[in-house]
Amino acid sequence: ADFTHLRELVGTHSGLERGAGIDLKYRIHTQAGFLPDFSGREILARPFPVDEYALEIRVPAARQLLFAGGGFDGEIVTEIVTDGPIKKYAFRFSGLAPLPREPLAPAGCEPFLAFALAPDWAAALPLAEASQVLPAILAAKVDRLKGENPTLPELLSALQKAVAVEIRNCDLGIEATGWRSRPLERVAQSNYATRLEKALLLGAMLKQAGVDAEMLAVAAGPQLAVPAASPLQLGEFWLKVPAAAAYIDPCREQHEFFPYALQGRDAWNFTSRSLEKLPVASGEQNLMDVSGKVQLTAEGASGTVAVTAGGMFNRYNEAAADHGKFITAILKRILPVEKIEVKKLLELTRRQTRAEVAFDGKWLKDAGAGFLSVDTLLLPGLNENMVILEKRESPLALEAPFRASLDLEIEPAPELKLEYAAPALERRNKLGHFTRSLAAGKNGVMRFSAAVVLEQGAVSPQDYPLLRELLLPYFAPDFGLVFKIKNE
């Protein structure tokens, strides 16, 4: 195999006495052509506190080193000295906190220094035309798929699956393989590819199919440290198809052609030869709504609800394969249901799935002394890791902004008397809102509603207390509803 010769050697040094100092010096050699030009992305923090970090970079005196930092607010203390044919750049950083290990932290949020000799991104990211020639066997496959999939969305789905699913991923990054890609014929023969190779392959297949696409090199973290044009700042490579407003991942099967995990990140567009930002999803785009009527007895519950799953909640490929199984899985994460029947499939698209569903199940649990209880009904998109820490040092990353709501008209049987309901709540701030209420209607009918709206895909450490303010009441243990059986 093409990458089996790569090896990594790790040396561990430790001080045996309190206060011992450790001095590490090492030299790394890379072959000429490994990267288009000299560049790097140096992570500054460590798992332990660093009092002082000194970094010296030497380049030919005739060249200018471009550098920029990311992931920290402090100034970069720099000293530049020319010594004959060598120019030395000395960087010093003080008081670096240890790398946090926090749930839901975004990738690439650690403090770093990027540097490069390339004058701009176009010079830093050249693409060899020879590596982008589609082999005849794959050209024939594209022509066949085009004939079998007459619409653009169907064709994009078929081509995306052919690369993302049928060709294995090689997880080695640019730091291991360099800014180099094998010819597409070799990629096809080996049936595995790096992220760069997969993007080039999918781009060539789209071109063969007559689809205009633009390849994007996406930042490994929230943003690129401009102007330090280094390939080592990159994480993934995607294809943008303007005609379909689609963003296509060549490495993972997609339910919707939208870059949820990478939204808002910087990217270099190889076609326009310019930097751009990936789009950001809205809460309206990512929604989960369940509403309907429930008849409640001591033995169980039955009813009919309308279910809407949109955006990141809509796993289109699963729904298309078996919409009943997909909708059943959704409802079982929200309501205590056992049997589900899809009465009517109202919509099934990559953007949204809607259905009318009948269900029954054992809602009430024995709470002792003639009481029955219903646990708090769940809202999708929320998990306790969002609020488990009292404070954070790193941002908290959601898959996307979203909204979820539950609106049920509950009709208890005559023998059930409501004794307790979780108190009504309404919390609002700049991050969104959380509400929960139970309203009494005529003839003992009640209306239970709960909703959460989160307006941002990322929450800064400064705003994290606002998120806890919104969601802690949701995670507080409590019975949702408690009934007493009247004949006891």
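A salt bridge here is a side-chain nitrogen of Lys or Arg within 4 Å of a carboxyl oxygen of Asp or Glu. The model is predicted. By this rule it holds 25 salt bridges.

Select Asp463 and Lys430. Their closest N and O atoms are 3.2 Å apart, so the pair counts as a salt bridge. It links distant parts of the chain, 33 residues apart. Asp463 sits in the loop between strand E26 (458-459) and helix H9 (464-475). Lys430 sits in the loop between strand E23 (425-429) and strand E24 (432-440). Is each end buried or exposed? Asp463 counts as buried, at 15% relative accessibility. Lys430 is exposed, with a relative accessible area of 54%.

Next, select Arg182 and Glu197. This salt bridge has its closest N and O atoms 2.9 Å apart. Arg182 lies in the loop between helix H4 (174-177) and helix H5 (184-190), and Glu197 in helix H6 (residues 195-208), so the bridge ties together parts that are 15 residues apart in sequence. Now colour by accessibility. Arg182 is buried at 10% relative accessibility. Glu197 is buried too, with a relative accessible area of 1%.

Move to Glu341 and Lys343. They form a salt bridge, with the closest N and O atoms 3.6 Å apart. Glu341 is partly exposed, at 43% relative accessible area. Lys343 is partly exposed, at 48%.

Last stop: which residues does Lys240 join in a network of salt bridges? Select Glu214 and Glu276 along with Lys240; the three are linked in such a network.

Definitions and conventions. Residues numbered from 1 in each chain as written. Predicted model: local features only at pLDDT ≥ 70, side-chain atom pairs only at ≥ 80, totals over all residues. Heavy atoms only, no water. Helix = DSSP H or I, 4+ residues; strand = E, 2+ residues; numbered from the N terminus. Buried < 20%, exposed > 50% of the residue type's maximum accessible area, 1.4 Å probe, protein only.
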